Amino acid sequence: MSLYDDIEKILISEAELQARIKELADEMNAVYSDDDLPMLICILKGAFIFLADLTRHLSFRHEIDFMEISSYGQGTTSSGVVRILLDLATNIEGRHVVIVEDIVDSGHTLDYILRHFAARNPASVRVATLLNKPTRREVNVPVDFIGFEVPNEFVMGYGLDYAQQYRNVPYIGVLKPEVYQDRA
Ligand code: PRP
């Protein structure tokens, strides 16, 4: 059985993702210039594919760094417990920072990152997320660039996992309920 047999439906196709990411990049191209030299911070693991596609449409000079955050463990809902698994390699003091996320759900992860960064005195902080699930928000967090609003379904693919798998699926999809019910 293929991992694709576990998928109930496609929510956002490859073509829709690529078109919207180009638009998001254009929104960012209108905000930043070479002089800003922003630092794009990819929140691992989920945002790695989004970052890879987004960065290739940006026309201003920028740098990239990575931070790995975990909040979900093996489950399908946020535990609210956020841990830094890998911290930045770069000093962001005085820098313009763009946090690149795959999804903002409860908001706990982003809230934690924003507080963590504020203590390091960056020049500015903005947030770009591919997906936003506003119906699930528990903490109010600012998000500047949003790719798509998604309903309260367990989305996966294009970097987003279930139990560390399915990140390679090239679109955003929804798993069949039996896939995660059997393993919950
Ligand atoms: C996911 C996602 C966000 C966070 C959003 O990460 O990448 O960072 O959860 O959820 P929240 O708004 O409820 O905090 P996850 O912990 O699943 O790690 P991963 O990116 O390595 O899969």
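**Notes on the ligand site and a sheet**

1. The shell around the ligand is made up of five nonpolar, eight polar and six charged residues. Please keep in mind throughout that this is a predicted model, and that the values below are computed from it.

2. Of the 19 residues around the ligand, those that come nearest are E101, D102, S106, G107 and T109. In terms of secondary structure, β3 (63–70), β5 (96–104) and α3 (108–118) each contribute at least two residues of this shell, and β5 gives the most, with four residues.

3. Several polar pairs involve oxygen atoms of the ligand. An N or O atom in the side chain of D102 is 2.5 Å from a ligand oxygen, while R167 places a polar side-chain atom 3.1 Å from an oxygen atom of the ligand. For K45 it is a polar backbone atom that takes part, at 2.9 Å from a ligand oxygen. The protein buries 94% of the 500 Å² that the ligand exposes when taken alone.

4. Turning to the sheet, three strands are arranged in the order β1-β9-β8, forming an open sheet with antiparallel pairing. Its edge strands are β1 (7–12) and β8 (155–156), each of which pairs on one side only.

5. How many bridges join β1 to β9? There are four, and the two strands, of which β9 covers residues 172–175, run antiparallel; one of the pairings to look at is that of K9, whose bridge partner in β9 is V174.

Notes:
Residues are numbered from 1 along each chain as its sequence is written. This is a predicted model: local features need pLDDT of at least 70, side-chain atom pairs count only at pLDDT 80 or more; totals for chains, interfaces and linings use all residues. Side-chain values use heavy atoms; hydrogens and water are left out. Two strands pair if DSSP finds at least two bridges between them. A residue is near a molecule or strand if one of its heavy atoms lies within 4 Å of it. A polar contact is a pair of N or O atoms within 3.5 Å; within protein, one must be able to donate a hydrogen and the other to accept it, and residues adjacent in sequence count only if both atoms are side-chain atoms. Accessible areas come from the Shrake-Rupley method with a 1.4 Å probe; for residues, only the protein chains shown count as cover. Ala, Val, Leu, Ile, Met, Phe, Trp, Tyr, Cys and Pro count as nonpolar, Asp, Glu, Lys and Arg as charged, and the others, Gly among them, as polar.
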